[in-house]
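Q: I'm new to this one and would like a close look at a single part of it. Could you pick a spot and walk me through what surrounds it?

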Amino acid sequence: MTDWTKDLYTLRYHWQWAGLLVALMVGGPLLLARLAWPTTVLEKSFSSLVRDAEVIAVGTVTAIDTEWDAEKDAPFTLVTFSDLEVLKGYAGQTEITLHFLGGPTPDGLVMQIAGVPQFSLEERAVLFIRGNQHHAVPLVGMWQGVYRVVFDDERGVDTIHNHAGQPVTALPTEDGGILHDAAPLVREQEKASSTPQEAMSLEAFTQRIEREVLDEQ
């Protein structure tokens with residue numbers, strides 16, 4: 001097994017052409033399957049996200065490209081983030097391009113991995129990066145390693161939403177069990193609340209990150 005898949009619990013590749021699924025299990029072989037089983041990962045606490053990330057940065061998507069890697073015999077989608085505000089990692093870095101396994105192949109197929117976040121040009125996000133160009137998905141905990149920045153017109157501030165676009169009002173405090181299919185994380189207190197809570201501001205979120213980074217030192 002090559003090192004660019006070593007940190008994933010389970011991956012499922014969905015081939016859009018012919019409806020085939022290629023299941024890639026860490027420590028196991030490539031398999032063809034008929035049923036689309038879900039992608040599963042271990043739930044990460046906020047502290048674990050910060051601790052396990054090599055780089056944490058706020059950035060804006062300025063380019064999305066695809067390429068075929070002949071050495072790895074696989075397609076990759078390259079997402080470039082610019083105007084970086086680095087909270088952990090390489091100080092002074094202004095741009096980073098993340099390599100995600102998946103994309104068009106030379107024979108006309110399209111490889112997709114269930115649960116891998118999709119990005120749009122000019123979108124802003126907070127990224128918890130690990131293993132770029134070495135791991136199939138260079139984010140801690142796959143979709144858990146991205147928080148989207150959304151401007152709140154009423155409050156006049158940038159706010160934090162999860163990978164699925166849901167407002168973030170609480171952060172995971174403990175490592176949990178298995179997460180499936182990139183399902184949005186909804187805390188029990190949020191389920192029980194009858195009053196919608198305001199999304200956490202980007203400023204408050206980055207301050208939490210900075211405190212966690214200081215605690216590591």
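A: Let's start at Ser48, which is buried, since its relative accessible area of 2% falls under the 20% cut-off. Keep in mind that this is a predicted model. Ser48 sits in helix H1, which runs over residues 46–52. Its side chain makes a polar contact with the side chain of Ser45, at 3.0 Å.

Now look at the charged residues around that helix. The side chain of Lys44 meets that of Asp52 in a salt bridge, with 2.5 Å from N to O. Lys44 counts as buried too, because its relative accessible area is 18% and the limit is 20%. Salt bridges with shared partners also bring in Arg51, so that Lys44, Arg51 and Asp52 form one network.

H1 has a neighbour worth a visit, namely helix H3. The buried residues of H3 pack against H1, and also against strands E5 (55–69), E6 (74–88), E10, E11 and E12. Which residues of H3 are buried? They are Leu202, Phe205, Thr206, Ile209, Glu212 and Val213. These residues lie on the same side of H3, because they cover an arc of only 115 degrees around the axis. Turn to the face away from that buried side and you'll find the exposed residues Glu203, Leu214 and Asp215. As for its length, H3 has 15 residues and spans 21 Å from first C-alpha to last, close to the 21 Å expected at 1.5 Å a residue.

Arg148 belongs to strand E11 (residues 146–152), while Glu123 is in the loop between strands E9 (110–113) and E10 (124–129), so the pair ties together parts 25 residues apart in sequence. Both Arg148 and Glu123 are buried.

Arg155 is partly exposed, with a relative accessible area of 30%. Glu198 is exposed, because its 57% is over the 50% cut-off. In total, the structure holds 7 salt bridges.

Terms used:
Residues numbered from 1 in each chain as written. Predicted model: local features only at pLDDT ≥ 70, side-chain atom pairs only at ≥ 80, totals over all residues. Heavy atoms only, no water. Helix = DSSP H or I, 4+ residues; strand = E, 2+ residues; numbered from the N terminus. Buried < 20%, exposed > 50% of the residue type's maximum accessible area, 1.4 Å probe, protein only. Polar contact = N/O pair within 3.5 Å; in protein donor to acceptor, adjacent residues only side chain to side chain. Salt bridge = Lys/Arg side-chain N within 4 Å of Asp/Glu carboxyl O. Expected span 1.5 Å × (residues − 1). Arc of directions from axis to C-beta. Contact = heavy atoms within 4.5 Å.
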